[in-house]
Amino acid sequence: MAQIPSIETRQLTRRFGARLAVDNLDLQVAAGEIFGLLGPNGAGKTTTIRMLTTLLQPTSGDARVAGFDLRHEAFEVRRHIGYVPQMLSADPELTGYENLLLFSKLYRVPASERKPRIAEALDFMQITDSANKLVRHYSGGMIRRLEIAQSLVNRPDILFLDEPTVGLDPTGRHSVWERLQALWKKWNTTILMTTHYMDEAEALCHRVAFIQLGRIMELGTPAELKAKLGPGATLDDVFIHLSGSEQQEADGFHSTIGERRSIQRHG
Ligand SMILES: Nc1ncnc2c1ncn2[C@@H]1O[C@H](COP(=O)(O)OP(=O)(O)O)[C@@H](O)[C@H]1O
Ligand SMILES: [Mg+2]
């Protein structure tokens, strides 16, 4: 694993009115690392990702992403990243190919390179056979793989995935895991992901950070965090130990509704 950090935040902070969503976050993710942000609904995971992908301005603090300054080199940051949001980002009324073409234009892939890059992304995500079908006929796992393919046309050094398998059945989840591992093996892509599934964090993430109320509570490898809690502890035990206050639960209500909606849309 390379030692140069791919993502480095310094006191990264975001407020929404009186609410401190991300609170002086200091985080380093090494190049080639798969890093998981874990924590209850409303912890600040999505807000962190939206700042690091230049979609949301930090209130204070700064960050370097792929070596570029988030505030002053946002265009360069965007050129080096891919982002798969939590909500549905593929258009169900277009074919897989048409969705990829749209994204290759959004990412400003040169016209002459679009076709080969789309073919590469389709092939890699194993959806070539369905490229000309409307996305509304895809399974949930295929839609997620298409959405990852959409981000791949940019050939990202860093991939941001917000709850990549929410709402998928076990077959769909495992197909996404398998492709993400293959992606990492082939291109050594740095991945920053969020998940509520502790088995997913264990299967994919080299290190994880548990965040609550915008702050890091614990950070380490899944094995380190389990060992810290005691013999026989699971990552679920660690999650429950670190979170679970009723205030936070109540706070997560709106996020939960959003999540359910996206589950429904993913089928
Ligand atoms: N656009 C917004 N306007 C106001 N509050 C927001 C907005 N986005 C997120 N928040 C609040 O910021 C906190 C963190 O939210 P979020 O980053 O979505 O958490 P997570 O992804 O960990 O569930 C929550 O309290 C949420 O209600
Ligand atoms: Mg979220």
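Modeller: Setting aside its neighbours within four places in sequence, E202 is in contact with P222 and L235, where contact puts two C-beta atoms, placed from the backbone, within 7 Å. This is a predicted model, in which local features need pLDDT of at least 70, side-chain atom pairs count only at pLDDT 80 or more, and totals for chains, interfaces and linings use all residues. Residues are numbered from 1 along each chain as its sequence is written, while chains are lettered from A and ligands numbered from 1 in the order in which they are written.

E202 sits in helix 7, residues 198-204 (helices are DSSP runs of H or I with at least four residues, numbered from the N terminus). G36 lies 166 residues away from E202 in sequence, yet their C-alpha atoms are 9.4 Å apart.

Helix 1 (residues 45-52) is largely enclosed by the rest of the structure, because seven of its eight residues are buried. Those are K45, T46, T47, T48, I49, M51 and L52. After helix 1 comes T54, with a positive phi near 70 degrees.

The largest nonpolar core has 65 residues, and V65, L146, A149, F160 and L192 have the most contacts inside it. Helix 5 (residues 140-152) gives the most to this core, with six residues. Such a core is a set of buried Ala, Val, Leu, Ile, Met, Phe, Trp, Tyr and Cys residues joined through C-beta atoms within 7 Å. Beyond four places in sequence, A149 is in contact with L100, A121, L122, M125 and I127.

Terms used. A residue is buried if 20 or more other C-beta atoms lie within 10 Å of its own, exposed if 12 or fewer, and partly exposed in between; C-beta atoms are placed from the backbone. Helices (H or I, at least four residues) and strands (E, at least two) are DSSP runs, numbered from the N terminus.
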